[in-house]
Amino acid sequence: MTRIALTVNGSRCEADVEPRQLLVYFLRDQLGLKGTNVGCDTTSCGACTVLVDGESVKSCTVFAVQADGCEVTTVEGLAQGDELHPVQQAFHEQHALQCGYCTPGFVMATISLLKENPNPSEVEIRDGLEGNLCRCTGYHNIVKAVQAAARAGA
Amino acid sequence: MIPAAFEYERAGSVDEAVALLGRDEDAKLLAGGHSLIPTMRLRFSRPSLLVDIGRLDDLRYVRENRDRIAIGALTRHAELIRDPMLREHCALIGEAAALIGDPQVRHRGTIGGSVAHGDPASDLGTILLTLDAELVARGPRGERTIPAAAFFSGPFENALEHQEVLTEIRVPKAAGTYLKYVRRAHDWATVGVAAARVDGRVQVGLTSMGPTPLRARSVEDALADGASPADAAAHAADDTMPPTDATASSEYRAHLAQVLVRRALERL
Ligand SMILES: Cc1cc2nc3c(=O)[nH]c(=O)nc-3n(C[C@H](O)[C@H](O)[C@H](O)COP(=O)(O)OP(=O)(O)OC[C@H]3O[C@@H](n4cnc5c(N)ncnc54)[C@H](O)[C@@H]3O)c2cc1C
Ligand code: FES
Ligand code: FES
């Protein structure tokens, strides 16, 4: 076991983890944060996307020990009380989801994208979200949601 | 798909990493983890000790070193893309890095890990070979410089010895371009082509056309003899061994290489 100390959604947390423990399973099983989904488990679908030190990463491909000392944000850490994060609000308003399985990952990837490029073109949005797969929506409303979030200054 | 159990140590310096590697012949370095962790999850790789060099931030840099550019081995793909020095003096590195995987992969993956892993489909491997880059490695007996032409020895094989850590990559200032053909989003290259003007000579490299990145020497020689881009590009598949797999047949790859080499030369 290796002792790690990190900040998750603003709260300090310390834990003993097996080095092979993947960040996504640490978040889901050890911390009970089940908002982050596992889709493919092979670094393809992006459902497991979280922010590590503000940048999007696929948490199925990061060991928890690699996040020692880092700031991790999951979808649970976005809303302020009852007020959704502007990206969540935009996904809601633009109906950018059907089953919703991919949504936490898309929301986290979008936050990272808009931080790097606050006014992306449609092509930049599609390219910027190429690490996330959605089997339901056909992406159209996801792109609209990202555009709306960008307009809202997310 | 959980990797086999392993011991974990985080190195605080390159020398410490070298020493830790000496402890166990099945030890492996962990940089961004974006090649190693997927292979460990499939249990293709089962290192007994992982030496994490991911926090060696002093190996994350791009600097000018007289007429060359020095890139720290831990520099991440996303950093290569936005680096102003590379943009000005060696833009094809950022151009190729921007085509690797997806943003999440580019936030974690490093140039050192990319070339050390030695995937024949690695984009940056081709770039370094095309530019005649030098790779600096540190081991128990000190530092040595390996020319890119001597670095890639086979699929997932390279010239590094067990305890050697890649620390720096040096490239010349060069104008160039990288074209990558993929059929799906965030895919590896079906074929990739790099073309660069190095010291007045045009050099051309190929991705996914053999067991390692390759130089298209016949294309280069034809150009040196005055051939047009189209005539030179006809030699793109000479001396290559393009694989057949689920994405493309060997013949299709050979055809693609010719088309992409012509386009890259016309763009150069
Ligand atoms: C979904 C996905 C898509 C991808 N698509 C592409 C693509 O299109 N093109 C492409 O080129 N790559 C692609 N990659 C690979 C990506 O570029 C990896 O980040 C890179 O190959 C490995 O870098 P890393 O820092 O993550 O290395 P790691 O995974 O940490 O290490 C890889 C290997 O290199 C060794 N190593 C690492 N650093 C050093 C060092 N400094 N010295 C000596 N040995 C070292 C490790 O021991 C290990 O054996 C993709 C990866 C994923 C997951
Ligand atoms: S579960 Fe991590 S990328 Fe699909
Ligand atoms: S909404 Fe169902 S997978 Fe995206």
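Predicted model: local features only at pLDDT ≥ 70, side-chain atom pairs only at ≥ 80, totals over all residues.
The side chain of B:R201 meets that of B:E220 in a salt bridge, with an N to O distance of 3.3 Å. Since B:R201 lies in strand β13 of chain B and B:E220 in helix α10 of chain B, the pair ties together parts that are 19 residues apart in sequence. B:E220 counts as buried, because its relative accessibility of 1% falls under 20%. A salt bridge is also found between the side chains of B:R201 and B:D221, at 3.6 Å from N to O; B:D221 too lies in helix α10 of chain B, so this pair ties strand β13 to parts 20 residues away in sequence. B:D221 is partly exposed, with a relative accessible area of 42%. These residues belong to a network of salt bridges that links B:D132, B:R201, B:R215, B:E220 and B:D221. Over all chains, the whole structure holds 29 salt bridges, one of which joins the side chains of B:D245 and B:R253 at 3.1 Å, N to O. In that pair B:D245 is partly exposed, with a relative accessible area of 38%, whereas B:R253 is buried, with a relative accessible area of 2%.

Strand β13 of chain B is part of an open sheet of four strands, which has the order β11-β12-β13-β14 and antiparallel pairing. Its edge strands are β11 (175–181) and β14 (214–215) of chain B, each of which pairs on one side only. Between strand β13 (residues 201–207) and β14 of chain B the antiparallel pairing extends over two bridges, and B:L206 has B:L214 in β14(B) as its bridge partner. Helix α10 (residues 217–224) of chain B packs on this sheet, where it touches β13 and β14 of chain B, and its direction makes about 160 degrees with that of β13(B). Helix α12 (residues 250–267) of chain B also packs on the sheet, touching β11, β12 (191–198) and β13 of chain B, with its direction at about 30 degrees to that of β12(B).

Chain B also contains an open sheet of five strands in the order β4-β5-β10-β6-β7, with antiparallel pairing. β4 (62–65) and β7 (142–147) of chain B stand at its edges with a single partner strand each, so one side of each is left without a neighbour in the sheet. On average, and with direction ignored, neighbouring strands of this sheet are turned by 25 degrees against each other. Strand β6 (residues 134–139) and strand β10 (residues 165–172) of chain B run antiparallel and are joined by five bridges, with B:L166 in β10(B) as the bridge partner of B:A137. Helix α1 (residues 14–21) of chain B lies across β6 and β10 of chain B, running at about 130 degrees to β10(B).

In chain A, strand β3 (residues 49–52) directs A:T49 and A:L51 one way and A:V50 and A:V52 the other way, and all are buried. β3(A) pairs in the antiparallel sense with strand β4 (residues 55–58) of chain A over four bridges, A:V50 standing opposite A:V57 in β4(A). The hairpin of these strands has two residues between them, and A:D53 takes a positive phi near 50 degrees. β3(A) also pairs in the antiparallel sense with strand β5 (residues 71–73) of chain A, over two bridges, and A:L51 stands opposite A:T73 in β5(A).

Technical notes: Residues numbered from 1 in each chain as written. Chains lettered and ligands numbered in written order. Heavy atoms only, no water. Pairing = 2+ DSSP bridges. Contact = heavy atoms within 4.5 Å. Axes fitted to C-alpha atoms, helices over the stretch in contact; angles between N-to-C directions. Buried < 20%, exposed > 50% of the residue type's maximum accessible area, 1.4 Å probe, protein only. Salt bridge = Lys/Arg side-chain N within 4 Å of Asp/Glu carboxyl O.
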